[in-house]
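Hi,

Here is the structure I promised to pass on.

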Amino acid sequence: MGGITLKQVRKSFGDIDVIPGVDLEIKDGEFVVFVGPSGCGKSTLLRVIAGLEDVTSGQITIDGQDMTDAAPAKRGLAMVFQSYALYPHMTVRKNIAFPLKMARMDPAEQDRRVNHAANILNLTDYLDRRPGQLSGGQRQRVAIGRAIVREPSAFLFDEPLSNLDAALRVNMRVEISELHKKLATTMIYVTHDQVEAMTMADKIVVLRAGKVEQVGGPLELYHKPANRFVAGFIGSPNMNFLEGEVAARMGAHAIGVRPEHFSMSTSQGLLSGVVGVAEHLGSDTFLHVDLDNGPHIIARAAGEMPVNHGDRIWLTPQEGRVYRFDAKGLAL
Ligand SMILES: Nc1ncnc2c1ncn2[C@@H]1O[C@H](COP(=O)(O)OP(=O)(O)O)[C@@H](O)[C@H]1O
Ligand SMILES: [Mg+2]
């Protein structure tokens with residue numbers, strides 16, 4: 001069990017309101033990602049849930065019980081940080097068993113849990129090594145193992161993959177998703193990386209300056225962003241925004257078109273511009289285009305496209321793929 005509810009949770013440091021007031025419902029077994037730019041309050045919100053920070057006001061319930069003022073150890077949650085915080089002089093087995101030893105658990109039960117976690121994480125062959133003899137990904141798995149053995153009602157991850165190189169991050173992303181499927185335990189995962197959010201989450205919570213901008217499934221946010229901030233944050237490369245005459249003609253202050261939603265032609269179309277950089281990846285072609293009297297935009301074509309620097313190109317947003325925003329940035 002691991003349902004978590006936040007009611008008007010507020011957190012300030014001195015007179016700075018970092019979290020002005022968040023309402024959120026996390027269902028048992030859900031994989032929820034908090035995503036937003038650096039400094040928007042993701043870690044603070046997670047630490048408040050974990051009990052590592054007091055709330056300024058509001059209520060936190062876990063499995064229906066009021067845990068607002070409960071000590072971290074009483075909440076049944078396990079946190080995994082970006083820095084693995086492993087003990088270098090202890091073996092992997094001892095590192096994973098550490099929280100159980102602290103809790104004076106029966107040694108046979110400790111062994112059972114450590115072996116089970118090692119099995120899930122493919123660490124069985126490494127139990128007698130020390131952290132210094134492991135790769136970065138393996139160390140992160142040990143840190144996750146130390147959380148698993150506690151059998152928490154929810155896992156809290158704070159940017160756990162930030163220290164890993166790009167290829168390893170992709171592997172670990174998949175491993176954590178698989179782990180969630182195996183354990184079926186609630187996970188709250190904090191990241192500034194919208195690709196991690198899109199690929200891992202059942203439910204994404206987009207935060208900006210401590211406020212929830214939108215909550216929804218990955219494709220819900222992609223297809224129906226509530227405002228310009230979410231529209232620009234979700235999707236890679238970012239959505240292009242156009243203001244002025246084109247937007248006015250479509251009855252909006254601004255319009256947004258994702259790079260993948262332009263039809264491209266070398267002879268005709270709605271918008272015209274000159275290609276600055278053409279990125280030929282084989283699988284995709286990304287064109288950085290300076291529109292005539294307009295902004296610099298990025299358009300993406302699937303596959304190969306024989307267009308290069310200096311070429312003129314016409315772009316037409318695809319039918320039904322134009323997002324419209326009012327002057328306040330709200331989706332129309
Ligand atoms: N202990 C603290 N005292 C004062 N300000 C803090 C403290 N912890 C975080 N903050 C401020 O709260 C804001 C959100 O920080 P944080 O939650 O770490 O953001 P994120 O994890 O999204 O990058 C930042 O402006 C940060 O400087
Ligand atoms: Mg943080």
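Predicted model: local features only at pLDDT ≥ 70, side-chain atom pairs only at ≥ 80, totals over all residues.

**The ligand site**

The residues around ligand 1 are F13, V18, P37, S38, G39, C40, G41, K42, S43 and T44. Sorted by class, that shell has four nonpolar, five polar and one charged residues. Helix α1, which covers residues 42-50, gives the most to the shell, with three residues.

A polar side-chain atom of T44 sits 2.5 Å from an oxygen atom of ligand 1. For K42, an N or O atom of the side chain is 2.9 Å from a ligand oxygen. With C40 it is the backbone instead: one of its N or O atoms lies 3.2 Å from an oxygen atom of ligand 1. As for cover, ligand 1 taken alone exposes 560 Å², and the protein buries 56% of that.

**A hairpin**

I204 stands opposite G216 in β10. There are two residues between the strands of this hairpin, and A209 takes a positive phi near 50°.

**Salt bridges**

Side chains of opposite charge can pair when their charged atoms come close. In this model the count comes to 13 salt bridges.

Which residue forms a salt bridge with E109? That would be R113, with the closest N and O atoms 2.9 Å apart. R113 counts as buried, at 15% relative accessibility, while E109 is partly exposed at 22%.

R113 also forms a salt bridge with E151, where the closest N and O atoms are 3.4 Å apart. E151 lies in the loop between α4 (136-148) and β7 (154-158) and R113 is in helix α3, so this pair ties together parts that are 38 residues apart in sequence. E151 is partly exposed, at 46% relative accessibility.

Further along, R312 and D292 meet in a salt bridge through their side chains, at 2.9 Å from N to O. R312 belongs to strand β17 (residues 312-317) and D292 to the loop between β15 (284-291) and β16 (296-302), so the pair links distant parts of the chain, 20 residues apart. Both count as partly exposed, R312 at 35% relative accessibility and D292 at 38%.

Finally, salt bridges that share partners join E109, R112, R113 and E151 into one network.

Cheers

Note on methods: Residues numbered from 1 in each chain as written. Chains lettered and ligands numbered in written order. Heavy atoms only, no water. Near = heavy atom within 4 Å. Polar contact = N/O pair within 3.5 Å; in protein donor to acceptor, adjacent residues only side chain to side chain. Areas by Shrake-Rupley, 256 points an atom, 1.4 Å probe, with all protein chains shown as cover. Helix = DSSP H or I, 4+ residues; strand = E, 2+ residues; numbered from the N terminus. Nonpolar A, V, L, I, M, F, W, Y, C, P; charged D, E, K, R; others polar. Pairing = 2+ DSSP bridges. Salt bridge = Lys/Arg side-chain N within 4 Å of Asp/Glu carboxyl O. Buried < 20%, exposed > 50% of the residue type's maximum accessible area, 1.4 Å probe, protein only.
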